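Subject: Structure for you to look at

Dear colleague,

Please find below the structure that I promised to hand over. I would be glad if you kept it open while you read the notes that come after it.

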Amino acid sequence: MDDITRRLVLLASTVSGMAAAMSASSAATFGNPDEPPQGAINTQDNPRGLTIPGPQNPILSGQFPTSVSPPATDVGALPQFWASFNNAQRRIHNGGWARQVTQESFPISTTIAGVDMRLAAGGIREMHWHQAAEWAFMTYGNCRITVLDPQGRAYVADVKEGDLWYFPAGYPHSLQGLEPDGAQFVLCFDEGHQSEYDTLLLNEWMAHTPPEILSLNFGVPAEAFKNIPLNDTYIFQSQLPGSLAADQAAVASPAGPPPNPFVFSLTRGPITKETKGGKVQIADSHNFKVSTTVAAALVTVKPGGMREMHWHPNADEWQYYIKGTGQMTVFQTGPKAVTTNFNPGDIGYIKRNLGHYIKNVGADDLVFLEVFRTAEYQDFSLSDWITHTPPQMVSAHLNLPADMIARFPQTNAGVMPL
Ligand code: MN
Ligand code: MN
């Protein structure tokens, strides 16, 4: 091969390479950007490649329409960001039950471990403490909580559906279901590995301390302890407590009450953002002062509405779906974009800074919690950012005229107006 021939061959291969690249980029279309194309829309002329003739469980797969048939804009794979309490094993006792999703079964969830718990009226979660802080949202009924702070200030309160509590790590506490039908609540520990079944239990410490030490510690004869339980009681049925006022009077100490309440009414509290499409209610250390390591938003999205495209700069997001049916896509570098579906009792998890939206795809309100291991709730709205960047800059990126960009919502609305 002489020099000229070699140069012609090189030129030809470069041109054909460019042509291939151009043909690839022009093959991608709006709403179907991947090359090679992904999504069921590409099988219209060849539907036999789309069917699922092998084994499947239609009841389960039917819950995940966007996993079975992802939007054509989805691309790549992400670590599993869906989990659920619905198939978490229940630990059932006389008086209530618990089930949990920790980092052991949901590896992405490094900042939060979740627990779903039920206490019958009179049912008690044994007095205990733990190494992680505990944040809770009441999903049903009525519950009495007790806690002591390190200054010796005791606190007793009754909570109901829509209320929160927060116990800093190490603060000893108890929970008891009240009339008429006890309580159910979701707990979030601010540590992904914290297990609800590995807590520091009153009965276990007592049973595993020499009787003479108990005698010395409490100033009564060792014989007084001869009937203590030798095992934990964890959750057990008991009598209903007396009145709240009586319990509060019984625990009053010279140190007085704690300066800030350990409970907060989220659903009956202030509405942080509201549009025709829904609302956002935020509880963090600004308004729920004791909650220094957990911030949360309760989001309500009306049918057809959407929690707008956004991300959170200061923490991973742990989601708990309370009502309705949602569809979420998570956007990661790469690009990667993965969509899945959420129903009541399900859990979602989005790593810090990854883009996401949550669309209500059901006929009823979609209600879910966003929980973060941080003192302060923070997010960025995509629309807020785009409309607060010079229009010429945005036009140069998106091929959109400035007057079209001017119609975008110019605030961080939270939930898009319908
Ligand atoms: Mn606890
Ligand atoms: Mn979010």
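Predicted model: local features only at pLDDT ≥ 70, side-chain atom pairs only at ≥ 80, totals over all residues.

Residues are numbered from 1 along each chain as its sequence is written, chains are lettered from A and ligands numbered from 1 in the order in which they are written, and side-chain values use heavy atoms, with hydrogens and water left out.

Because His130 lies in the loop between strand S5 (123-129) and strand S6 (134-148) while His173 belongs to strand S9 (residues 173-177), the pair ties together parts that are 43 residues apart in sequence. Helices (H or I, at least four residues) and strands (E, at least two) are DSSP runs, numbered from the N terminus. His130 and His173 are both buried, a word that stands for under 20% relative accessible area, with exposed meaning over 50% and partly exposed in between (1.4 Å probe, protein chains only).

His312 counts as buried because its relative accessibility is 2%, and Glu317 counts as buried at 0%.

The pockets

A pocket is found on a 1 Å grid over the protein atoms alone, as an open set of points where a 1.4 Å probe fits, with protein on both sides within 12 Å along at least five of seven lines, and lining residues have an atom within 4 Å of a point. The largest pocket has a volume of about 900 Å³, and of its 31 lining residues the closest to the centre are Met309, Thr329, Phe331, Tyr357 and Leu382. Strand S17 (306-311) gives two or more residues to this lining, as do S19, S20, S22 and helix H7 (382-387), and the largest share, five residues, comes from S17.

The second largest pocket holds about 490 Å³ of space and is lined by 22 residues, with Met127, Trp129, Leu148, Pro172 and Leu202 nearest its centre. H5 supplies the largest share of that lining, four residues.

The sheets

Five strands form an open sheet in the order S20-S19-S22-S17-S24, with antiparallel pairing, where two strands pair if DSSP finds at least two bridges between them. Its edge strands, each pairing on one side only, are strand S20 (336-342) and strand S24 (380-381). Within this sheet, strand S19 (residues 326-332) and strand S22 (residues 355-360) run antiparallel and are joined by six bridges, and Gln327 stands opposite Lys359 in S22.

Another open sheet has seven strands, in the order S1-S21-S18-S23-S16-S15-S14, again with antiparallel pairing; its edge strands are strand S1 (82-84) and strand S14 (273-275).

With best regards

Note on methods:
Points joined across faces, edges and corners; volume = space filled by probe spheres on them.
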